[in-house]
Amino acid sequence: MTLKIVSESRCFDGTQFIYQHDSSETGTMMRFAAFVPPQARQSRVPILWYLSGLTCTEENFTVKAGAQRVAAELGLLLIAPDTSPRGDVVPRDPAGSYDFGLGAGFYVDATQEPWSRNYRMASYIEHELPALVISELPADGERQSIMGHSMGGHGALTMALRNQTRYASVSAFSPICSPTNCPWGQKALSGYLGGNKESWRKYDSCALLEDGMRVNELLVDQGTADQFLETQLKPELLKSACAQAGVPLTLRMQQGYDHSYFFISSFIEDHLRWHGRRLGSAAAR
């Protein structure tokens, strides 16, 4: 088996794993979390990917979101990757900032030195990790959906738009809706990809919609008390882009909620059941 078990814990009659493996894309050891539901003992089960935000690892969603109970009921294999390569060989932001470098891979394939060798999170999440999960775990590769939070919401939206036939559904919590139009995104995309803004477009959900990429529908939850709402997240840009593209968007502005996992845990069941219905879970309602 290519995967090494770091930890495993029984959880709602399923098992919560942390795995590690050598990655050819990042040139490092990578970790990811996998909740394997009890239904996997009888047959392969659909995959629901969760992409985390800035500073997070594979553990944040796993420990804080409270997703396992509903995933066990619905028979969903939850996969939560790390947010960047890690290790002594991996460059980090010389300034030590939280929004670039370690923990801030932005789900892109970097083209600029010194980032281009290791920071290949787009190819890792879109190609290498799915192949590994489908090969080594009881996963039904024909049934996949994706969701994420903040930087991971950006990742989920852009990956779904770039891989229009792969995912049955896509949703996000407080996503960075247009990285080309906010400070977090401009710093990351210029650092990883360079100054040619045309190369940024495939990592911007609004630009991808403008360029003709489509998904069947989107579900987005956004807290009205989110401290990053106006400066970094800008859901109004996604709303406008979806309207222009004719893509149905359910944008729920949740009164008084902030950017934290308290917000995510409040609405995670809605998202899991929404994905479950589109993945064909008989228990979804």
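Let's start at E217, a residue that counts as partly exposed, since its relative accessibility is 28%. Keep in mind as you look around that this is a predicted model. The side chain of E217 meets that of R278 in a salt bridge, with N and O 2.7 Å apart. E217 sits in the loop between helix 6 (205–210) and strand 8 (218–223), while R278 belongs to helix 9 (residues 261–278), so this pair ties together parts that are 61 residues apart in sequence. R278, too, is partly exposed, because its relative accessible area is 28%. Side chains of opposite charge can pair when their charged atoms come close.

Setting aside neighbours within four places in sequence, S169 is in contact with Q144, S145, I146, W274, H275 and R278. You will find S169 in strand 7 (residues 167–173). Is S169 buried or exposed? With a relative accessibility of 4%, S169 falls under the 20% cut-off, so S169 counts as buried.

The side chains of R252 and D221 meet in a salt bridge of 2.7 Å, N to O. This pair links distant parts of the chain, with R252 in strand 9 (residues 249–254) and D221 in strand 8, 31 residues apart. D270 counts as partly exposed, with 35% relative accessibility.

How many salt bridges are there by this rule? The count comes to 17. Some of these residues form a group: R69, E73, E269 and R273 are linked in a network of salt bridges.

Next, turn to T55, which has its place in the loop between strand 4 (45–51) and helix 1 (59–64). T55 is exposed, because its relative accessible area of 52% is over the 50% cut-off. Which residues does T55 touch, not counting those up to four places away in sequence? They are Y98 and G103. T55 and G103 are 48 residues apart along the chain, and their C-alpha atoms are separated by 4.5 Å.

Our last stop is an empty space inside the model. Rolling a probe the size of a water molecule over the atoms shows where empty space is left. A search of the whole structure finds one cavity of 30 Å³ or more. The largest cavity holds about 50 Å³ of space. Its lining is made up of Q16, A33, F35, F61, T62, A67, Q68, L78 and A80. Strand 3 (29–36), helix 1 and strand 5 (77–81) are the elements that give two or more residues to this lining. What kinds of residues line the largest cavity? Six are nonpolar and three are polar, with no charged residues.

Note on methods
Residues numbered from 1 in each chain as written. Predicted model: local features only at pLDDT ≥ 70, side-chain atom pairs only at ≥ 80, totals over all residues. Heavy atoms only, no water. Helix = DSSP H or I, 4+ residues; strand = E, 2+ residues; numbered from the N terminus. Buried < 20%, exposed > 50% of the residue type's maximum accessible area, 1.4 Å probe, protein only. Contact = heavy atoms within 4.5 Å. Salt bridge = Lys/Arg side-chain N within 4 Å of Asp/Glu carboxyl O. 1 Å grid on protein atoms, 1.4 Å probe; cavity = no way out; pocket = protein on both sides within 12 Å on 5 of 7 lines; lining within 4 Å. Points joined across faces, edges and corners; volume = space filled by probe spheres on them. Nonpolar A, V, L, I, M, F, W, Y, C, P; charged D, E, K, R; others polar.
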